[in-house]
Amino acid sequence: MKLYVDRLAPNARRVLMFVAEKTIELSIVEINVAEDEHRSDDFLAKNPLGQVPVLELSNGSCISESMAICRYLDESFPQTALFGLGAEQRAIVHMWSRRVELGLFVAAVDLGHHSHPSFRGHFEQVPAYAELCRASIARSCELLDAQLKTTRFVAGDEFSVADIVAYCGVELARLWETTPETALQSLGKWQQETAARPSAAVARYP
Ligand SMILES: N[C@@H](CCC(=O)N[C@@H](CS)C(=O)NCC(=O)O)C(=O)O
């Protein structure tokens, strides 16, 4: 099994953190997005969208979309289930993963694309959309803070893929200097605890 990543790419980082959390051994193939390696014919044959990450199975089948890759790995390596166990917990992990993916992680990716000078030539930047992303990040952080007052992890008592997506989103927001309010103490405590997990090393920005 091969995992194609660019270690700087936020989507690749969340899958790398998931792999590290589950201690799965697989071969990592580096695709340098800045050098357009994701646009080569070889790579487009693996993912016609030209995006990392991609998981290539030993039968040659290729899976893209970070959450699809994580779900495949969770089912194939049942140690440390990260998508929840049982119908109710699976649904709750799914619910929180959707909330933090759409409201926080994707908003943080889009905020960077639409506001950071390094993306200026690559994206048509829409400042008003960047502001909507900033507001979405703030709302998501408040929602998370309220949740983390009552639960140890994002989706309940167990660490899950929802923590990984949320952590990667918060890290990215921090990179764009859209840090959660210091008043959000429960979120801050969870963030520090998550940062201390060995798996977080692949997702942490300096
Ligand atoms: N929905 C996809 C998004 C993947 C994605 O946007 N990957 C970015 C890196 S974070 C990429 O490869 N961008 C290169 C491009 O779109 O040209 C997922 O969840 O994996």
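This is a predicted model: local features need pLDDT of at least 70, side-chain atom pairs count only at pLDDT 80 or more; totals for chains, interfaces and linings use all residues.
Visitor: In which loop does L26 lie, and which residues is L26 in contact with, leaving aside its neighbours within four places in sequence?

Guide: L26 lies in the loop between α1 and β2. Leaving aside its neighbours within four places in sequence, the residues in contact with L26 are M1, L3, V19, L55 and L73.

Visitor: How many Å apart in space are L26 and K2, C-alpha to C-alpha?

Guide: In sequence, L26 and K2 are separated by 24 residues. In space, the distance between them, taken from C-alpha to C-alpha, is 6.1 Å.

Visitor: Is T23 buried or exposed?

Guide: T23 belongs to the loop between α1 and β2, and its phi is positive, about 50°, although T23 is not a glycine. Most residues other than glycine have a negative phi. The relative accessible area of T23 is 59%, and since the threshold for this class is over 50%, T23 is exposed.

Visitor: Where is E65 found?

Guide: E65 is not a glycine, yet it has a positive phi of about 75°. As for its place in the chain, E65 is found in the loop between β4 (62-64) and α3.

Visitor: How many Å separate the centres of domain 1 and domain 2?

Guide: The protein chain is divided into domain 1, covering 2-76, and domain 2, covering 87-202. The contact between them takes 11 residues from domain 1 and 18 residues from domain 2. Taken over C-alpha atoms, the separation of the two centres is 21 Å.

Visitor: Which residues in domain 1 lose the most area to domain 2?

Guide: The size of an interface is often given as the accessible area lost when the parts come together. Domain 1 and domain 2 bury about 1300 Å² between them, 70% of it on carbon and sulfur atoms. In domain 1, three residues together account for 47% of what that side buries, and those that lose the most area are R14, M17 and E21.

Visitor: Which element gives the most to the side of domain 1 that touches domain 2?

Guide: The residues on that side divide by class into 6 nonpolar, 1 polar and 4 charged. The elements that give two or more residues to the side of domain 1 that touches domain 2 are α1 (10-21) and α3 (66-76). With 9 residues, the element that gives the most is α1.

Visitor: Which side chain meets that of R14 in a salt bridge?

Guide: R14 lies in helix α1 and is buried, with a relative accessible area of 4%. Leaving aside neighbours within four places in sequence, R14 is in contact with several residues, including S66, M67, F105 and C168. Across the interface of domain 1 and domain 2 the rule finds 2 salt bridges. With N to O at 2.9 Å, the side chain that meets R14 in a salt bridge is that of E101.

Definitions and conventions: Residues are numbered from 1 along each chain as its sequence is written. Side-chain values use heavy atoms; hydrogens and water are left out. Domain bounds come from an automatic or database domain assignment. Contact means heavy atoms within 4.5 Å. Buried area is the accessible area (1.4 Å probe) that two parts lose on being put together, summed over both. A salt bridge is a side-chain nitrogen of Lys or Arg within 4 Å of a carboxyl oxygen of Asp or Glu. Helices (H or I, at least four residues) and strands (E, at least two) are DSSP runs, numbered from the N terminus. Ala, Val, Leu, Ile, Met, Phe, Trp, Tyr, Cys and Pro count as nonpolar, Asp, Glu, Lys and Arg as charged, and the others, Gly among them, as polar. Buried means under 20% relative accessible area, exposed over 50%, partly exposed in between (1.4 Å probe, protein chains only).
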